[in-house]
Amino acid sequence: MRVSQALGSRPGVTVAMVAMATELNVGMAREVGFEVPAAGPSDLLVAVRAESEEALGGAAEELERQFALLGRAATSGGAGAEAAPRTTRAAARAWDATLALVSVPGEHAFAEAMDAVEAGLSVMIFSDNVSLEHEILLKERAAEHGVLVMGPDCGTAVVGGAGLGFANVLRPGPVGVVAASGTGAQQVTCLLDHAGTGVSHVLGVGGRDLSAAVGARSTLVALRALDADPATELIVLISKPPAPEVAATVRRAVEDLSTPVVTALLGPGQDDLTAAAEKALGALGRPVPEWPSWPMPAGERPGGPLCGLYSGGTLCAEAEIIAGGGSFTDFGDDEYTRGRAHPMIDPSTRLAALGEVAGGVVLLDVVLGHAADPDPSARLAPAVRRARERGAAVVVALVGTDTDPQGLGRQAQALHEAGASVFVSNAAAARHAASLTGGTP
């Protein structure tokens, strides 16, 4: 994914794809006009299209440089280093592990995750496109082994101070988070960080965990784990809109815990993520700050339709609920990430959609942190400027902390200078965007 992004961001390169030659990836390459020779899933597929021979040559040089970097990283252990374990069970035995992270194509994730569970490990499944049946089976088996399954499609976790997946740089503190939402967890924990409050652990459980089919299997385990943790003084429970009967089950379970719980189960009439962060601060007896924002000058009222172009599914759902109308797309959904990098890593699909907006109001999220685009404003700011020239107003929900590697202040300044109104609260961004259309949030 990183190599594809490095090639695709070069001047004059219009298409770049570096991936294993699976049936899906080969089909995608052919869809965009490449003639792909016979290949198998263990072969590497490199497909590059450029506007000139010079641009193509530059891409080829960058490809060699990226491969050289990967080669040095792979051999950094030295000639005398022991061979790496070939299975999860072997790794668990060799390293006395308690947690495994699975990040492989979705069709292979089930076998690797089950291997971890059977070895007595809790597992974070970063992979998406895992079937619902496999998710249920994994969580049932995890219950038998007394371990936790985070995921599948678990984008964010923080365990004992170690960030996994798309993780922001957060200060340690008393708040434990259980989240059926990666970007929802990032929004709440980043707001807490802005308020000077840190986290003990962030346990993602996968976006489907509070569905009727999965029945909060991992959520209930994670709540009990944080309740037993002496470093956790308050729990925040976050979810995409849950199944009503599952939400009721979870609320009953919360009543049996000794640790106080603040819930953010998104839905009409429920607290949004910013309100949940503010309630958490209140429960800890800490003041609620004025959330940073960089709005455009007052008086901008373009009217027209509201178009939401999101990379985070929960942020998208929250914004749509608050705005009360408009057209919203979650580019992080499985249908957009099959065979390609998540938009928080590679923004190409979302940038293409932004390029088609002719007017009205555009609302989008930019999520910072480890594993995300190292400089999202570098490609987004020019696209924002062009959208402004076409008559559109642009509003950005910028989720991150001051210590994230991308630099929250620098990203905010670049996007604001390009013409966007920027808010660290997604709820505030959605309300502002709705007001620009003439609607009532």
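Predicted model: local features only at pLDDT ≥ 70, side-chain atom pairs only at ≥ 80, totals over all residues.
Local features need pLDDT of at least 70 and side-chain atom pairs count only at pLDDT 80 or more, while totals for chains, interfaces and linings use all residues. Residues are numbered from 1 along each chain as its sequence is written, and side-chain values use heavy atoms, leaving out hydrogens and water.

User: What makes helix α16 largely enclosed by the rest of the structure?

Analyst: Buried means under 20% relative accessible area, with a 1.4 Å probe and protein chains only. Of the 11 residues in α16 (residues 426-436), 8 are buried, so the helix is largely enclosed. Among them are Asn426, His432 and Leu436.

User: And what caps the N-terminal end of α16?

Analyst: That's serine 425, with a side-chain oxygen 3.4 Å from the backbone nitrogen of alanine 427. A polar contact is a pair of N or O atoms within 3.5 Å; within protein, one must be able to donate a hydrogen and the other to accept it, and residues adjacent in sequence count only if both atoms are side-chain atoms. After the helix comes glycine 438, whose phi is positive, near 90°.

User: Why is valine 46 called partly exposed?

Analyst: Partly exposed sits between the buried cut-off and exposed, which is over 50%. Valine 46 has 34% relative accessibility, so it counts as partly exposed. It lies in strand β2 (residues 44-50).

User: How do you know that β10 and β11 pair?

Analyst: Two strands pair if DSSP finds at least two bridges between them. Strands β10 (residues 234-239) and β11 (residues 261-265) have 5 bridges, in the parallel sense.

Key
Helix = DSSP H or I, 4+ residues; strand = E, 2+ residues; numbered from the N terminus.
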